[in-house]
Amino acid sequence: MQFHHNGYVSTDPRIVPAEGYGINRAEELPDEMDVLIVGSGPAGMLLAAQLSQYPSVNARLIESRDKRLEVGQADGIQARSVETFQAFGFADRITAEAYQICEMNFWTPSKDKPENIVRTQRTLDDAHGISEFPHLIVNQARVLDYFAEVAAISPGRITPDYGIAFVDLEVGEGEYPVSVTVRYTAGERRGEERVIRTKYAVGCDGARSGVRKAIGRQHIGDPALHAWGVMDALAVTDFPDIRTKCAIQSKDHGSILLIPREGGYLFRMYVDLGDVAADDNGEVRKTPLEDIIAQANAIIHPYTLDVKDVAWWSVYEVGHRVTDKFDDVAIGEEDKRLPHVFICGDACHTHSAKAGQGMNVSMQDGFNLGWKLGSVLTGRSPESLLATYSAERQVIAQNLIDFDKEWSTLMAKKPEEFDSPEDLGDFYVRTAEFPAGFMTQYTESMITGNDAHQTLAKGFTVGKRFKSAPVMRIADAVPAHLGHHAKADGCWRIYAFADTDRTALNAWADWLSNDPASPLNVHTPKGSHFTSRFDVKVIYQQGHHDVEVPDIPKVFLPKVGKFGLVDYEKIYATQADSDIFSLREIDTGGAVVIVRPDQYVAQVLPFSATDELAAFFLQNLTVNTP
């Protein structure tokens, strides 16, 4: 964490001074605003936290509940989400309170006594080393708390407006084209309706989204006609793996997905309740808790489960649905108008809970949209950038649905339907990259380039998230992870991986600093410093003792803050025992890696491709914005 650059800070450095709309923030929901977020779930709260980094953007979040969520249904936090938490500054704190999944065990009927279950397989949760971040279990309510804290202490000072529900919206013309009708659900104004006008509205209001309905979007898909009971329980049991994630399959009673919860005692069980008749009309959802507990005991025989307390429980039917489009522009009319209403999270995609994807994918929806809204509303990018949200995320949602259908179908299979008892475990290990959140790959667009120069940095796949690696900070010999320094601040990242003798690097750095065609000169507002738009770093092939700070080009040593102090945390060397050039297969002739504000690799280029670098940013950034 960096601070003191504007003077000595003796208080919590995470709390930065309020700016723009964060100063004397209006308590009452205004009549007009830039962005209205509907719903304070994972997508909505991340979106608020992201937009709070843009204090000149007037963004508000409404929630029909009268207070914060106390018990959330979702609990699985995949490694990509923890990586995202790092960008928002709370990965370490939430990891400390969470349960960390390190292994997953598989139980199937005994060959000798099939009425009993036996452990048949133990697997590492991340057998392939996909990420340095852990797989966590923590209550969704705590995730929302952390994002709410970020939004509240960032310059924009966004806090949820509780007790206000979405009713309907219409899209018209003018500076504030979206008219949103809201209703107060709590307090003295309960029942009162009013109309809010906004430039953009975002529906993060769940599977029964009113915003989705208002823009005529269709939730397409079918139920799987299979029901599960889920409970967060405290119990005394002789089942030996109660504190390990398990997939448990019985001979005649179905299966259980067991997930230990944070705190050391609580655990969650997804209990198989079997197939549901097409004409059931929701009757299965009336299954009593006692029946779910009895079914769990039948499945884990010969072990027993003496449930002492249940913090939360529910019955749900698996459904796989994805919305036809994630904004209000009709299919086929993308060239005629730009979007002003968006949907995120469960409003876009619903599926089973057993792959642990709901909250995770929802947050990535919010991350994808947040920086784009912020960039457009601050004049950094053209409004056409917003069309890339639906184009990118709808494909990802469909991939999620396809994966979840396969995983949930396997979980519901009977043991005799598998070729081998190890099949389920093998699938879990083989497909680990997808549920971890790292299979996402965006295709070529105005913000993602082509792979013509991919061979220069094979480990940084264009379109996929920037996979961090260890480096050494030159100025202070502190080991670091290169990607962990990236913040959710809306900046584009430009990583310069130096050539062996630094000749190409130095020539490129001179161009980046001084040439009128350099993105730093073309896209930085007059009167501002380029660090308000770009985060430029260098990584040398040599060790940190072999690079002298005075020899480093000044573009990598920017002067920041009101005193013009030098930022020494943008210059790196390789670690002796963990060479990033080898780990990420970077050409010794050097490479430039451009990374989007949401941590996805946008382009890989040689140092000689300055025209290509300039042309890339001309696609997605405005010229010398005021």
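How many residue pairs are in polar contact between domain 2 and domain 3, counting pairs with both residues at pLDDT 80 or more?

A: The count is one residue pair in polar contact between domain 2 and domain 3, both residues being at pLDDT 80 or more. A polar contact here is a pair of N or O atoms within 3.5 Å; within protein, one atom must be able to donate a hydrogen and the other to accept it, and residues adjacent in sequence count only if both atoms are side-chain atoms. The model is predicted, so local features need pLDDT of at least 70 and side-chain atom pairs count only at pLDDT 80 or more, while totals for chains, interfaces and linings use all residues. Residues are numbered from 1 along each chain as its sequence is written, and side-chain values use heavy atoms, with hydrogens and water left out.

The domain bounds, which come from an automatic or database domain assignment, are 20–74 + 139–221 + 321–404 for domain 1, 100–136 + 224–317 for domain 2 and 454–619 for domain 3. Between domain 2 and domain 3 the C-alpha centres are 47 Å apart. Each of these two domains gives five residues to the contact (heavy atoms within 4.5 Å). The area buried between domain 2 and domain 3 is about 320 Å², with 42% of it on carbon and sulfur atoms. Buried area means the accessible area (1.4 Å probe) that two parts lose on being put together, summed over both. On the domain 2 side, I130, E132 and F133 supply 87% of the area buried against domain 3, more than any other three residues.

By the same rule, the count comes to 44 salt bridges. One of these pairs D31 with R194, with 2.7 Å between the closest N and O atoms. D31 lies in the segment before β1 (32–38) and R194 in strand β11 (residues 193–203), so this pair ties together parts that are 163 residues apart in sequence. Helices (H or I, at least four residues) and strands (E, at least two) are DSSP runs, numbered from the N terminus. D31 is exposed, at 53% relative accessible area, whereas R194 is buried, at 12%. Buried means under 20% relative accessible area, exposed over 50%, and partly exposed in between (1.4 Å probe, protein chains only).

E392 and K372 also form a salt bridge, at 2.9 Å from N to O. E392 belongs to helix α8 (residues 387–412) and K372 to helix α7 (residues 358–377), so the pair ties together parts that are 20 residues apart in sequence. Both E392 and K372 are buried. A network built from salt bridges with shared partners takes in D489, R493, D535, K537, D567 and K570.

For nonpolar packing, a core is a set of buried Ala, Val, Leu, Ile, Met, Phe, Trp, Tyr and Cys residues joined through side-chain atoms within 4.5 Å. The largest has 113 residues, of which F147, L373, W492, W508 and F556 touch the most other members. Beyond its neighbours within four places in sequence, F556 is in contact with residues including W508, K537, D567 and K570. Another core of 23 residues lies apart from that one, with A233, I242, M269 and I292 among its members.

Conventions. A salt bridge is a side-chain nitrogen of Lys or Arg within 4 Å of a carboxyl oxygen of Asp or Glu.
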